[in-house]
Amino acid sequence: MTTEQLDRWNAQEAAAEAMIPIIGTLYRGKGVTILLHSRSLVNKSVISILRTHRFARQIEGEELSVDETLPFLQALGELDLGPCKIDLGLLVTAYRADGRGRPIGAFTAEVLADVIGGNKSSSPGPRDVVLYGFGRIGRLVTRLLIEKVGSGNGLNLRAVVVRRGGDGDLAKRASLLRRDSVHGHFDGTIKVDAANDTIIANGNVIKFIYSDDPTTIDYTRYGISDAILIDNTGKWRDRDGLSQHLRPGIAKVVLTAPGKGDVPNIVHGVNHRGQDLSQRIFSCASCTTNAIVPPLKAMDDEFGIVRGHVETVHSFTNDQNLLDNYHGADRRGRSAPFNLVLTETGAASAVAKAMPDFKAKITGNSIRVPTPDVSVAILNLQLKRETTSTEVLEYLRRVSLSGPLSRNLDYTAATDVVSSDFIGSRAASIIDANATIVDGDTAILYVWYDNEFGYSSQVVRTVQYISGIEYPTHPQLGAEVRTPAIAGRRG
């Protein structure tokens, strides 16, 4: 590295360091989340901020410099903003396209007029959340909720309901939250107050309620009111079973598994805006449903889908056996670390519940494989018209950056990625551009997804929406400004 390159790097680090206090003040003081091409910059390190900027070189052919974004961020710090999400990447792109040399402060105030001064949104205040169960999804949702607590006006994890596991139960559960073999260490501090059955994580006091019967709990005894309860046990999946959670203090129930009967199955980004929020029971469907529905929706909107087959290559889960043993399913009793296990998936049939207007016939199957996390879905689609790989990929790139699926559908053009590279991805699914095959009216998409963390992120997005604290991303500009040719983000 030459002296010139090192000096340039040090200058970029200094600019990124200058961004951190502004991002933090906006988030904790005003409820403003700063994004860069749909990636949050809140609570990020200097290196993470610089790495996020580098994604722009795949979007517009050159790296987006912190020197360019910092003045916009400083301008935001001077505005009377209300709670919202603001994407610096969109701001810069809009300024390049239509800034006409105006001062950055004036331009920023103009394009954000809908969220400043008398037009700014008011926060509905904190919303209590209760977790029923504390397994793989429960602990990851806990991490996300603690990370997003911000100014205290968002989701507030108040309690976790579990069955007592014996002596030292709370300490063991705290240990599982603190260290994870797949997702690494908890980012922060965790303290155990065994005398009061509480865990304090980054200052958040979480009460552990020991019970094996939801109908016996009065949550108001713990100061909990109007809460959303997230059931991540999967023990009950129909309306009657989940209604047992509607106890004093609980307003709504969200299931982290496919709902049965008339329970609405939500895939955030696709059908969450069409839900009747006066209802009290919802489902977030499955991790695979959340992975395949966004790309199916995107492809059907643009090309039309006649029929398709979905094959998922899925990491093993806790419902399989470590060694051969009895299991209610025919093949899942065989040792998960030693076998490829062919099994069924309900994701294909769940598509109809998430997209009732989707008329294509979708079949599906699944193979469980000896990896602990991250799966891939192979979508073999017959389209209504012929197309090319270039057209399909260019379209999916645009969809991954802007529009209703930008927070859910991701895209990678990297040639060397493998499953472990997507551990911790917050997208519902990631299109692998280099694996995509298009031949006439046939398109085969390879879609990666972190079936634990990506799905947990979808759950939190859904709960935010149901709670009324999910804000649209600004600036909300015309498509001609917002959708340049892009090639990848998030990673």
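Is Arg-407 buried or exposed, and what is its relative accessible area? Select it and take a look: Arg-407 is buried, with a relative accessible area of 18%. (Buried means under 20% relative accessible area, exposed means over 50%, and partly exposed is in between, using a 1.4 Å probe and protein chains only.)

Before we move on, a word on what you're looking at. This is a predicted model, in which local features need pLDDT of at least 70 and side-chain atom pairs count only at pLDDT 80 or more, while totals for chains, interfaces and linings use all residues. Residues are numbered from 1 along each chain as its sequence is written, and side-chain values use heavy atoms, with hydrogens and water left out.

**Stop 1: around Arg-407**

The side chains of Arg-407 and Glu-470 are joined by a polar contact of 2.7 Å. (A polar contact is a pair of N or O atoms within 3.5 Å; within protein, one must be able to donate a hydrogen and the other to accept it, and residues adjacent in sequence count only if both atoms are side-chain atoms.) Arg-407 itself sits in the loop between helix 12 and strand 18. (Helices, H or I with at least four residues, and strands, E with at least two, are DSSP runs numbered from the N terminus.)

**Stop 2: helix 12**

Now select residues 389-401, which make up helix 12. Its buried residues are Val-392, Leu-393, Tyr-395, Leu-396, Val-399, Ser-400 and Leu-401. After the helix comes Gly-403, with a positive phi near 100°.

**Stop 3**

You'll find an open sheet of 7 strands in the order 15-16-14-17-20-19-18, with mixed pairing. (Two strands pair if DSSP finds at least two bridges between them.) Strand 15 (341-343) and strand 18 (409-412) are at the edges, each with a single partner strand, so one side of each has no neighbour in the sheet.

Zoom in on strand 18: it pairs with strand 19 (residues 429-432) in the parallel sense over 4 bridges. Click Tyr-411 and then its bridge partner in strand 19, Ile-431. Ile-431 also stands opposite Val-447 in strand 20. Strands 19 and 20 run antiparallel, joined by 2 bridges, and they form a hairpin with 4 residues between them. Strand 20 also pairs with strand 17, in the antiparallel sense over 9 bridges; look for Ser-375 and its bridge partner Tyr-449 in strand 20.

**Stop 3: the core**

Which residues have the most contacts inside the largest nonpolar core? Select Phe-208, Ile-292, Leu-296, Met-299, Leu-379, Leu-396 and Leu-445, and you have them; the core has 75 residues. (A nonpolar core is a set of buried Ala, Val, Leu, Ile, Met, Phe, Trp, Tyr and Cys residues joined through side-chain atoms within 4.5 Å.) Helix 10 (residues 287-302) gives the largest share of this core, 7 residues.

Keep Leu-379 selected. Leaving aside neighbours within four places in sequence, its contacts (heavy atoms within 4.5 Å) include Ile-292, Pro-295, Leu-296 and Leu-445. There's also a second, separate core of 34 residues, which includes Met-19, Leu-50, Phe-72 and Ala-94.

**Last stop: helix 13**

Finish with residues 453-467, helix 13. Here 14 of the 15 residues are buried, so the helix is largely enclosed by the rest of the structure. Helix 13 is followed by Gly-468, whose phi is positive, near 80°.

Notes: Expected span 1.5 Å × (residues − 1).
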